[in-house]
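Reader: Hey, I keep getting lost when I look at the whole thing at once. Could you pick a single part and walk me through it slowly?

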Amino acid sequence: GAPAASGLFGDMDVAERSAGGSLERAQGNAESLVLAARRSVEKLEDVQRRMLERLYDPPDRRGYEEAIRLADEYVKEHGEPNNFLFFLRCAAAEGQRAACDPERYDEARAGALKAARKVVDRSPELGRYWLSLLWHPEHPEATPPENDLQIFFDDPEFKALIGKDPYVVPR
């Protein structure tokens, strides 16, 4: 019985070492997933910050073009984020493009509407509130320079999406 017992202990030792190895591998994999997720969040935050900075460029600098380019590049590399602020900034950039580049109005309107729909999909209440702030000329909480979507105020598709009255988040 002794050789069988030592064989069994040997097998247990191998199994234990192998389990330890797979546990270490699993921990390593989990750590790399966490790092990748953190890098992904940081990349999205960085792109959103840079987009916002470009949206405050003077109109003659056409910062909206750079904001649109940054967004397109991000989506191409990482896919669409599940983040309404990303698409709010896309919509704002398209609104600025519609106002500053009348020849491209139709293209900008289509881009703004597509982005605005994604804003509402990702955050129905807060998204609609922020869209309304940028879109409705008589929004009670609006601040004057924040009007990137007002160029579309008479557009029935925007009205259907955002609502004809200023949208305020219920308290």
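**A closer look at some charged partners**

Author: Let's start with R97, which counts as buried because its relative accessibility is 6%; buried means under 20% relative accessible area, exposed means over 50%, and partly exposed is in between (1.4 Å probe, protein chains only). Keep in mind that this is a predicted model, where local features need pLDDT of at least 70, side-chain atom pairs count only at pLDDT 80 or more, and totals for chains, interfaces and linings use all residues. Residues are numbered from 1 along each chain as its sequence is written, and side-chain values use heavy atoms, with hydrogens and water left out.

So who does R97 pair with? It forms a salt bridge with E107, with the closest N and O atoms 3.0 Å apart. R97 sits in helix α3 and E107 in helix α4, so this pair ties together parts 10 residues apart in sequence. (Helices are DSSP runs of H or I, at least four residues, and strands are runs of E, at least two, numbered from the N terminus.) A salt bridge, by the way, puts a side-chain nitrogen of Lys or Arg within 4 Å of a carboxyl oxygen of Asp or Glu. E107 is partly exposed, at 44%.

Salt bridges with shared partners join R62, E65, E94, R97, D101, R104 and E107 into one network. Within it, R62 bridges to D101, the closest N and O atoms being 3.2 Å apart. That pair links distant parts of the chain, 39 residues apart: R62 is in the loop between α1 (2-55) and α2 (63-78), and D101 in the loop between α3 (84-100) and α4 (105-122). R62 is partly exposed at 32%, while D101 is buried at 6%.
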